[in-house]
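The following note sets out several points on the structure for discussion. Each point is kept brief and may be checked against the coordinates.

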Amino acid sequence: MNAAIGYVAIAAVAVASALIGFYGLRVSRTTSDFYVASRTVRPWWNASAIGGEYLSAASFLGIGGLILLTGSSALWFPIGYAAGYLMLLLFVAAPLRRSGAYTIPDFTEARLDSLWARRVTSTLVIVIGWFYIVPQLQGAALTVRITTGLPSWVGSLAVAVIVAVVVAAGGMRSITFVQAFQFWLKLTALAIPVVAILLLAGGVEPALPPVEAFPPSAGPGDLEVYRTVSLMVALLLGTLGLPHVLVRFYTNPDGVAARRTTVIVLVLLSVFYLFPTAFGFLGRAFAPDLAQSGDADALILLLPGRLVAGPLGDVLTALVIAGAFAAFLSTSSGLVVSLAGVISQDLLGGSVRGFRIAAVLSSFVPLVVALATEPAGLAGSVGLVFAFTASTLCPVLLLGIWWRGLTARGAIAGMLTGAILSGVAILGGGLVTAGFPVLRPFLEQPAAWTVPVAVTVTVVVSLGDRRGIPRGTDRFLTRLHVPEPMPSHPRDG
């Protein structure tokens, strides 16, 4: 690959993102601007920004690579990522917006009237955010190494610096402009190369991969049904607890706008996921060698140059590089905004200055982790973050919105149980399965058992703590579920 293409594409995205972000700085004046864009973001604009931050390295690069490796069984990932927003639409979007909170810890403290519930929630939000940023930085490292030949750490450092500067400068309002732009860039960066390849690569003979190029299809003894169910539990419920996604609903003017935003996001995501899926199947036909070389996640970066010759191939390659870099920047930006809001509120007084300090801290802690660890498959890494989120924040949000009986003790017990069980499965699973290989599927995809256990603990402890139900619970739940009055028409009285 021509390194100049990579340099130009990455520099163009970085400069465009910075310029748009600094434009947003001109209209960021108040604390509310920095945290929730003064709750004035309209549905189409907000939906584009949500698409920008949600479509991460796992969506842009990881899904194509996973389909290259495993074929149609990987289709559960895009299905789950998109369907998670249906769960948001049905159960969370409008009530969460009506809560009036700035962050998820704000919501749990207001709902449960407990400082300790807030502290546990804040800790989990920070852990989830940092774990989610790490794959973005590792994806940037992969992209820079493949496309420019520079050391991997350059990509991780570049994303961390750009995100820290843009978020610290303009906060949520600034990032909204940037992420909306980056969504449409990502969609274009996948759609145009796929169409071009289908139209122009007709004369290229599909490769005939050796039998060992792809892993064999799993049989009944491989517990594939369990793995699939557990993955879907993680993706469907994990979406409900992603801090960078939920904070976006606080920026809508009202609950009606939050629902409209979610519907638009569902449409945008459904269209987007057609293209990395197509890339994956094209890769199985034309580039099976990438599955053996360990470069499956680089499929989308390499395939256009292989199948489309000449300057047009260079242009398509530059486009996918730009889209990939936009994916790392947009998701990392959303995560840093949500983390900075929590850290600033809980530790730094909630001021704009505190937000800016927290933004820098939120960017560079995961950078250290990304540089110190070996990257795994992007889609798989993010899937484990979803499992952790589904086991910790999701039960508290759902029960807090829909069940009057939730108490602070029950919420804390459930969150800690989910965190311990899923954390041990994710971080210590390798050690456990070395001695007990029969447990491997249950630790590689833990959500199917960690989520029910966490919910059960939450409910049982809450039922045993009836006196712990806050006095203002009924009033708070009424505010969550009573629709706002429709806005008056300009001609009305």
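1. Of the contacts in the chain that link residues at least 6 apart in sequence, 85% are between residues at least 24 apart. The model under review is a predicted one, and this percentage should be read as a value computed from it.

2. Secondary structure and burial. The chain contains 22 helices and 0 strands. It has 493 residues, and 58% of them are buried. The accessible surface of the chain is about 19,300 Å², and carbon and sulfur atoms account for 69% of that area.

3. The nonpolar core. The largest nonpolar core comprises 138 residues, among which Tyr81 and Phe325 touch the most other members. Helix α9 supplies the largest share of this core, namely 18 residues. As a general remark, nonpolar side chains tend to be buried together in soluble globular proteins.

4. The nonpolar surface patch. Which residues make the nonpolar surface patch of about 440 Å²? The patch is formed by Trp153, Leu157, Val161, Val165 and Leu371. Helix α9, spanning residues 152-200, gives the most to it, with 4 residues.

5. Leu371. This member of the patch lies in helix α17, which covers residues 352-372. Is Leu371 buried or partly exposed? Its relative accessibility is 46%, and Leu371 is therefore classed as partly exposed, since that class lies between the limits of 20% and 50%.

6. Val265. Helix α12, residues 255-272, holds Val265. The relative accessibility of Val265 is 0%, so this residue counts as buried. Once neighbours within four places in sequence are set aside, Val265 is in contact with Ala47, Ile50 and Tyr85.

7. Ser122. Ser122 is part of helix α8, which runs over residues 115-148. What is the relative accessible area of Ser122? The value is 5%, and Ser122 is buried because this falls under the 20% limit. When residues up to four places away in sequence are not counted, Ser122 touches Pro105, Val342 and Asp346.

Note on methods. Residues numbered from 1 in each chain as written. Predicted model: local features only at pLDDT ≥ 70, side-chain atom pairs only at ≥ 80, totals over all residues. Heavy atoms only, no water. Helix = DSSP H or I, 4+ residues; strand = E, 2+ residues; numbered from the N terminus. Buried < 20%, exposed > 50% of the residue type's maximum accessible area, 1.4 Å probe, protein only. Contact = heavy atoms within 4.5 Å. Areas by Shrake-Rupley, 256 points an atom, 1.4 Å probe, with all protein chains shown as cover. Patch = residues over 30% accessible without salt bridge, like charges linked within 9 Å, V, L, I, M, F, W, Y side chains within 5 Å. Salt bridge = Lys/Arg side-chain N within 4 Å of Asp/Glu carboxyl O. Core = buried A, V, L, I, M, F, W, Y, C linked by side-chain atoms within 4.5 Å.
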